[in-house]
Amino acid sequence: MEKAIQTPELSLTINPRDMSFYTTLLQSGIEIKCPPYEPVARFLDGLPGFTVDYIADIVQTIFLDGTAVDDLTTPLSGKNPVLALSAAMPGLAGAIFRRNSFHAALRTTPDKKNTQNIETKKVTVTLKLFNSIAFDRGPELLQNSIIIKTGHLLNYLAKRPSLLSQIKQCVLSGKTVNKEDFPFLLADFPRIKLTITTTHDSLR
């Protein structure tokens with residue numbers, strides 16, 4: 001049996017004004033474990049800042065494995081379900097995919113899985129956040145730590161060298177390292193536990 005590769009912890013301290021740029025990373029997807037067949041509503045309720053009112057009023061579109069869903073009791077199952085959240089989208093496309101819209105009949109809904117034989121192994125959900133949801137909820141998620149594929153972060157910063165240069169502090173697995181070095185130090189790790197805080201946070 002192959003030895004599991006340890007997930008390194010990376011903590012970045014940045015300028016407060018740069019946090020909004022990092023929230024776009026959430027479009028690529030973060031990995032969150034949950035019990036098998038956990039309902040979408042319960043999963044969302046466990047996320048930082050996702051109150052009942054926020055889910056009801058702001059989360060207008062939910063895709064599960066590429067299919068729009070209205071029913072928040074839909075269970076999360078399979079090896080790696082992908083859950084994407086969006087605020088209201090404009091135009092006809094937005095109306096078609098909007099949760100609880102009159103246009104819901106224009107699309108199919110996913111079949112609920114048979115939950116009689118519940119497995120005990122946790123499900124790894126890939127959560128993707130778009131538009132205002134990433135902007136609203138992203139900072140708190142990043143401050144509380146996320147699991148993300150290393151390539152997503154490294155590719156993102158490679159295309160935005162100014163963001164990399166503006167990082168104030170970089171701590172990798174408890175050790176302060178140069179911000180120019182951590183991309184090379186992480187190259188062999190498929191995933192990282194990423195925490196991003198701001199200089200304003202450190203002054204509290």
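Guide: Two strands pair if DSSP finds at least two bridges between them. Helices (H or I, at least four residues) and strands (E, at least two) are DSSP runs, numbered from the N terminus. This is a predicted model, in which local features need pLDDT of at least 70 and side-chain atom pairs pLDDT 80 or more, while totals for chains, interfaces and linings use all residues. Residues are numbered from 1 along each chain as its sequence is written, and side-chain values use heavy atoms, without hydrogens or water.

Visitor: Which residue in the turn between E10 and E11 has a positive phi?

Guide: Strand E11 covers residues 175-176 and runs antiparallel to E10, with two bridges. Valine 171 faces threonine 176 across that pairing. Two residues separate the strands of this hairpin, and the positive phi, about 50 degrees, belongs to serine 173.

Visitor: Which residue in E10 stands opposite leucine 10?

Guide: Strand E1 (residues 9-14) is antiparallel to E10, joined by four bridges. In a regular strand the side chains alternate between the two faces of the sheet. In E10 (residues 169-172), Gln169 and Val171 are on the uncovered face, Cys170 and Leu172 on the covered one. Opposite leucine 10 stands leucine 172.

Visitor: How many residues apart in sequence are the parts that tyrosine 22 and tyrosine 156 tie together?

Guide: Aromatic rings (Phe, Tyr, or the six-membered ring of Trp) pair with centres within 6.5 Å; planes under 30 degrees apart are stacked, over 60 edge-to-face, the rest tilted; by this rule there are two pairs. Here the centres are 6.4 Å apart and the planes at 45 degrees, so the tyrosine 22–tyrosine 156 pair is tilted. Both tyrosines are buried (under 20% relative accessible area with a 1.4 Å probe, protein chains only; exposed is over 50%, partly exposed in between). Tyrosine 22 is in helix H1 (residues 19-23) and tyrosine 156 in helix H6 (residues 150-158), so the separation bridged is 134 residues.

Visitor: How far from the ring centre of tyrosine 54 is the charged end of arginine 137?

Guide: Tyrosine 54 pairs edge-to-face with phenylalanine 50, at 5.6 Å and 85 degrees. Both are buried. A charge sits over a ring if NZ of Lys or CZ of Arg is within 6 Å of the centre and within 35 degrees of the ring normal. Arginine 137 sits over the tyrosine 54 ring, its charged end from the centre by 4.7 Å.

Visitor: What arc do the buried residues of H6 cover?

Guide: The buried residues are Thr150, Leu153, Leu154, Tyr156 and Leu157. The arc is taken from the directions between helix axis and C-beta atoms. They lie on the same side of H6, because their arc is only 160 degrees.
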